[in-house]
Amino acid sequence: MKRILTLTVNNRSGVLNRITGLFTKRHYNIESITVGHAEIEGISRMTFVIHVEDEKEVEQITKQLNKQIDVLKVQDITNQSIVARELALIKVIAPPATRMEVQGVIEPFRATVIDVSRDSVVVQVTGEAEKIEAIIDLLRPYGIKEIARTGTTAFTRGTQRSANSAKTYSIV
């Protein structure tokens, strides 16, 4: 099953290497990684999309990540209400005769053409992974020269209420 883990870490040399090494040692497949500066200087946020067999493996990897020196916080946000996005740049074969057709295909996805050359266009699209896959499938018949994808970046929406914090009220 696919899981999304977010980590808050100290922004230091070697942190990413140690964390990915931990995944590698335990034979976990990392489907995507995104890393960037957080809202606090010297802190970075990492988002990992990993594939695991069961909940036990997620618990195990979370415990092991929390033991790392530069890891400040680990969260499995898979089952929470989240905002998740990915960016893709897609270079499509598009001679002048088919450019308007390509534009018509990408418009419903709110994608934009960000570069035009003699024989191709570069399309930029952001959204959830399913949206990215859908536009790629529609552009494939035109001929795709290159694709560059960022991988998923995500965090939880607003204030999250845990199941334990739900209060019960009595009318009596």
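View 1. Strand β7 (residues 120-127) is largely enclosed by the rest of the structure, because six of its eight residues are buried (under 20% relative accessible area, with exposed meaning over 50% and partly exposed in between, for a 1.4 Å probe and protein chains only). The model is predicted, with local features requiring pLDDT of at least 70 and side-chain atom pairs counting only at pLDDT 80 or more, whereas totals for chains, interfaces and linings use all residues. Residues are numbered from 1 along each chain as its sequence is written, and side-chain values use heavy atoms, with hydrogens and water left out. Helices (H or I, at least four residues) and strands (E, at least two) are DSSP runs numbered from the N terminus. Strand β5 (residues 82-93) pairs with β7 in the antiparallel sense over eight bridges; two strands pair if DSSP finds at least two bridges between them. Within this pairing, Ile90 has Val123 of β7 as its bridge partner. Strand β6 is also antiparallel to β7, joined to β7 by four bridges, and a hairpin of three residues connects β6 to β7. Thr112 has Gln124 of β7 as its bridge partner.

**View 2. The open four-stranded sheet.** The strand order is β2-β3-β1-β4, and the pairing is antiparallel. Strands β2 and β4 stand at the edges with a single partner strand each, so one side of each has no neighbour in the sheet. On average, neighbouring strands are turned by 15 degrees against each other, direction ignored; axes are lines fitted to C-alpha atoms, for helices over the stretch in contact, and angles run from 0 to 180 degrees between N-to-C directions.

**View 3. Strand β1 within the sheet.** Eight of the nine residues of β1 (residues 2-10) are buried, so this strand is largely enclosed by the rest of the structure. Nine bridges link β1 to the antiparallel strand β3 (residues 43-51). In that pairing, Arg3 stands opposite Ile50, and Thr8 has Arg45 as its bridge partner. Strand β4 (residues 71-76) pairs with β1 in the antiparallel sense through five bridges, and Asp76 of β4 stands opposite Leu5. In a regular strand the side chains alternate between the two faces of the sheet.

**View 4. Helix α2 on the sheet.** Helix α2 (residues 55-66) lies across β1, β3 and β4. The helix runs at about 5 degrees to β1.

**View 5. The contact of helices α3 and α4.** The axes of α3 (residues 99-106) and α4 (residues 129-139) come within 10 Å and cross at roughly 155 degrees. That angle makes the two helices roughly antiparallel (angles over 145 degrees; under 35 counts as roughly parallel, 65 to 115 as roughly perpendicular and the rest as oblique). Val102, Val105 and Ile106 of α3 make the contact with Ile135, Leu138 and Leu139 of α4, where contact means heavy atoms within 4.5 Å. The contact residues comprise six nonpolar, no polar and no charged; Ala, Val, Leu, Ile, Met, Phe, Trp, Tyr, Cys and Pro count as nonpolar, Asp, Glu, Lys and Arg as charged, and the others, Gly among them, as polar.

**View 6. Two loop residues with positive phi.** His27 lies in the loop between α1 (15-25) and β2 (29-37). Although His27 is not a glycine, its phi is positive, at about 60 degrees, and His27 is exposed with a relative accessible area of 73%. Arg110 is placed in the loop between α3 and β6 (112-116). Arg110, also not a glycine, has a positive phi of about 55 degrees and is exposed, with a relative accessible area of 76%.
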